[in-house]
Structures are given as C-alpha cells and as structure tokens.
Amino acid sequence: MSQKLKGSVFLFIAALIWGSSFIVMKSAVDFLTPAVLLLIRFVLAAIFLAILFFSKIKNLSKENILGGMLTGCCLFAAYYVQTWGLSFTTPGKNAFLTAVYCAIVPFLVWIIHHKRPDIYNFIAAFICILGIGCVSLNGDLSINIGDLLTLCGGFLYAIHILMIKKFSAGVDGGAFTTFQFIGGACVALVVTVLSEDITLVGHIQSSIFLQLFYLAFFATAVTMVCQTIGQKYTSECNASLILSLESVFGVAFSVIFYGEILTLKVILGFILIFIAIIISETKLSFLKKGGMLDEEDY
C-alpha cells in the first residue's frame, strides 16, 4: 500500500466514525452541557492514548508537547462551538455546516502561506455560500443560532487542520494526538469551572455511559489518531476532501437513526455545499483526460 493510499484509508475511517457520532452527541447534549461533555470526552481519550503510546510519549521534546497542546486548545474550541450549536439544530445540519471548513482551508493557506486560491476555490466558495443559505436561512433571511455556531465551528476546524500540519511533522501521530487531548482537556476544565456546573460529572446517568465511551474512544481517540497519521501522508486540501465525507455519513445516520426529515430546500443546500467541497478540493480533475491529478502539497 502506497503512503498516499494509506493516509487516505486512515482519513476515510475517521470520516465514517465522525459521521456516526453526530446522533450520539445529540443525545448526550440532552443530559450534559458542552464543556462538561468535552471534558469527559477528552480526559478519557487522553487516558486511552497515554496508555497505548506511553513509550513514544516519553521521547517527545518540549516543543512537540507544546505544539500538541496548542493544537488541542484549537480542537477544544472547534468541538465546543460545534457541540454548543448542536443543542439548537439537527444532527444532519450540524454535520454538513461543519464541513464548510473544506472550502475555508485554501483561503487560510492563502493568508498563512501566501498561496493564492485558484479560480476553482473562488467558485467553490460562492457555491458554498449559496448552499449555506439554503440550509440555514429562514424565510425572513434570519439564521438559527445553532447553524451560526456550527459555521463558526467549521472555521475553527479549518484552523485545526493547518495546525496539525504545522506541528505534527516528524512526530509520532499517536503521541502527538495524546497531547492534543491533554491540552483540550485543560481548556475544557477551565471553561467548565468558570461557566458550567462541574458537579454534573458526578450525576451522569447510566443510560449515557455507553454513549460517552463511544464518543471518547472511537469518535475521539481512534479518529484523531487516524486524522493525524493520515495527514502526514497527504496534503491539507486532500485531507479536508476525504474528511468532508463526514457530512455525508452524518446526514445518512441522522435520517436513518434519528428520524431527521429533510426538506427540498435543505437537500438542495446539502448538494450545493458538497459540490463546492468537491470543486475546491479536486479542481474537477476527475473530468479531465487521465483522471485525477496529483495535488501539490502545501
């Protein structure tokens, strides 16, 4: 298996598991506030990974540890805003609106690395805005607070992708991810103490234990290791394309298991957003003679 294919497989697994996690999170936020839920999720994930990668963690430099923790702070912010938004919107909308980070990444690369997006990225951004309007705007052009928060979460996920690429180079993926969760857990603890009720941790109902385990182990620990390792073998834009499938899986799981009803307007929005993602990340190279073209790594 080539390095590029190996990276793609890891990223696909992450997208599939994340897609299934939206309906689980929707159920969990009915019992727990966002920061408390993320505190539990990150602490458990950090413990799992610390045990699994203990021998490699010891070899990390102070710079690697700091990079991992800073990346984890950004990860917490993205998760927190997304989870907060999920309290006010449906799992399907939450999944697809989060995926707008795929169209945002090229523009952040422009700002940070001074690589101007091409015409495909600009077209994709325009189509993506139309799709967001179909999914989120009401008849009076107002936007649901949950959808707005989800869009903010998508922007933070775009920043997180770039931070992984910057700080994980030459570092073991599992060890780096462990410190992401340690950093995220520290911020979650501070936010919980300052703005939420930390005593909720001691009153967790037995009915959501399995949900918390799934979110902490599979949808957090396993998927983040897959993302970190996968991104080591592919570019930011290729990674964001594969990870965008999370939105498709999220809607599918929401319709099948949550019973979400999709209107024609929302379906049109989903289609437009997905088309925007495909255009932005593939440059429509699959329509050209010879099939997919190799991407240039940033």
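1. The protein's secondary structure amounts to 13 helices and zero strands; helices here are DSSP runs of H or I with at least four residues, strands are runs of E with at least two, and both are numbered from the N terminus. Please keep in mind that this is a predicted model, where local features need pLDDT of at least 70, side-chain atom pairs count only at pLDDT 80 or more, and totals for chains, interfaces and linings use all residues. Residues are numbered from 1 along each chain as its sequence is written, and side-chain values use heavy atoms, with hydrogens and water left out.

2. Now for the overall size. Along the principal axes, the C-alpha trace of the protein spans about 55 × 50 × 35 Å.

3. How much of the protein is buried?

4. Next, who touches whom? Of the contacts (heavy atoms within 4.5 Å) with a separation of 6 or more, 88% are between residues 24 or more positions apart.

5. Let's zoom in on one residue, Ser254. Ser254 sits in helix α12, which covers residues 245–258. Is Ser254 buried or exposed? Ser254 counts as buried because its relative accessibility is 0%.

6. Which residues is Ser254 in contact with, leaving aside its neighbours within four places in sequence? They are Ile23, Pro91, Gly92, Gly259 and Glu260.

Notes:
Buried means under 20% relative accessible area, exposed over 50%, partly exposed in between (1.4 Å probe, protein chains only).
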